[in-house]
Amino acid sequence: MATFTALTTLKGRAKAEALGQAMETLWPEPTGIGVFEIEDGSGFWEVGGYFSDAPDQAGLALLAALHGAADFAVSELPDTDWVAKVRRELAPVEAGRFFVYGGHDKDRLPPDRVGLMIEAAMAFGTGHHGTTRGCLLAFDRLLQDGITPGPVADVGCGTGVLAMAAAKVWRDVSDTPIIASDIDEIAVETATANLAVNGLEGRGRCVVAAGFDHPELRRAAPYKLIFANILKGPLIALAPDVARRSAPGGHVILSGILNAQAEEVCAVYSEHGFSVVRTQSIVDWTTIILGRNLP
């Protein structure tokens with residue numbers, strides 16, 4: 001059976017989310033709807049729907065016009081086992097001591113690596129993107145430098161792979177809180193499931209929150225380590241709160257930053273009491289390690 005997709009773009013999160021909600025009224029109804037920010041700093045968002053029957057193109061055109069979006073591009077996809085396809089194409093990723101893999105590759109986990117299993121059906125935050133891999137490499141470098149355990153926050157956690165990495169290496173430090181958060185409820189559910197699959201249930205908590213706007217996140221501060229793999233705009237907006245929630249001498253790992261944006265992000269965080277420890281670029285993306293200055 002064929003699958004149909006309908007994709008468009010428009011500027012602004014609020015408008016994109018409103019269009020996504022409006023698509024739920026279409027008939028035939030979509031089997032799934034996605035709203036994603038395009039990670040190029042343009043401010044544009046992509047809105048897409050998946051349909052098991054050919055969508056109502058007149059209805060799509062009307063919605064696009066009402067919401068100020070580009071015309072929907074409708075495509076018919078061949079019948080494909082997408083999970084099997086992802087499994088074939090997403091090979092394990094090595095990032096320092098960390099080895100990110102799908103359940104179908106569990107026999108490939110080297111005995112000397114810290115394994116982080118992400119199911120292939122959950123394709124975002126698998127370590128293949130330069131931002132996630134950059135964060136894992138940055139964490140590995142801090143561990144090499146002798147960073148000691150302490151409270152950890154993973155802001156914008158996606159699959160929870162970064163929180164999982166901290167939980168794995170500091171598994172025996174049971175009094176070290178690890179809190180993962182995301183604004184997307186599905187991401188939080190995914191992160192919670194991944195913690196359980198990796199035998200880390202109870203070792204970390206996943207909550208729905210924007211930034212640090214959750215009682216558990218505030219209660220666990222100050223943090224010895226904060227991951228924030230988001231985008232430049234939200235990272236800059238978060239800088240004052242990250243400074244308030246960071247322990248003196250603690251570290252922050254930032255990513256989701258295009259190479260050309262790194263200098264601006266570093267400058268903003270320097271104004272809030274951080275020093276740049278190290279930066280690393282992987283293809284188009286830069287990961288930044290910051291140290292919280294002592295009083």
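This is a predicted model: local features need pLDDT of at least 70, side-chain atom pairs count only at pLDDT 80 or more; totals for chains, interfaces and linings use all residues.
Nine salt bridges were counted. The side chains of Arg13 and Glu17 meet in a salt bridge, with N and O 2.9 Å apart. Both residues belong to helix H1 (residues 13-23). They are four residues apart, so about one helical turn separates them. Arg13 is partly exposed, at 39% relative accessible area. Glu17 is also partly exposed, at 35%.

A second salt bridge joins Arg97 to Asp140, and the closest N and O atoms are 2.5 Å apart. Arg97 sits in the loop between strand E5 (93-95) and strand E6 (98-101), whereas Asp140 is part of helix H4 (residues 130-144). The pair therefore ties together parts that are 43 residues apart in sequence. Arg97 is partly exposed, with a relative accessible area of 29%. Asp140 counts as buried, at 6%.

Arg205 and Glu216 provide another salt bridge, with an N to O distance of 2.5 Å. This pair links distant parts of the chain, eleven residues apart. Arg205 is in strand E10 (residues 205-208), and Glu216 is in helix H7 (residues 215-220). At 42% relative accessible area, Arg205 is partly exposed. Glu216 has 19% relative accessibility and counts as buried, because the cut-off for buried is under 20%.

Salt bridges also form a network. Asp241, Arg244 and Arg245 are its linked residues. Helix H8 spans residues 232-245.

The packing of H8 was examined next. Two packed helices are described by the angle between their axes and the distance between the axes. The axes of H8 and helix H9 (residues 262-271) come within 9 Å. They cross at roughly 15 degrees. H8 is therefore roughly parallel to H9, as angles under 35 degrees count as roughly parallel. The crossing of H8 past H9 is right-handed.

Residues on both helices make up the contact. From H8 come Lys232, Leu235, Ile236, Leu238, Ala239 and Val242. From H9 come Glu264, Val265, Val268 and Tyr269. By class, the contact has eight nonpolar residues, two charged residues and no polar ones.

Note on methods:
Residues are numbered from 1 along each chain as its sequence is written. Side-chain values use heavy atoms; hydrogens and water are left out. A salt bridge is a side-chain nitrogen of Lys or Arg within 4 Å of a carboxyl oxygen of Asp or Glu. Helices (H or I, at least four residues) and strands (E, at least two) are DSSP runs, numbered from the N terminus. Buried means under 20% relative accessible area, exposed over 50%, partly exposed in between (1.4 Å probe, protein chains only). Axes are lines fitted to C-alpha atoms, for helices over the stretch in contact, and angles run from 0 to 180 degrees between N-to-C directions. Angles under 35 degrees count as roughly parallel, over 145 as roughly antiparallel, 65 to 115 as roughly perpendicular and the rest as oblique. A crossing is left-handed if the near helix is turned anticlockwise from the far one by less than a right angle, and right-handed if clockwise. Contact means heavy atoms within 4.5 Å. Ala, Val, Leu, Ile, Met, Phe, Trp, Tyr, Cys and Pro count as nonpolar, Asp, Glu, Lys and Arg as charged, and the others, Gly among them, as polar.
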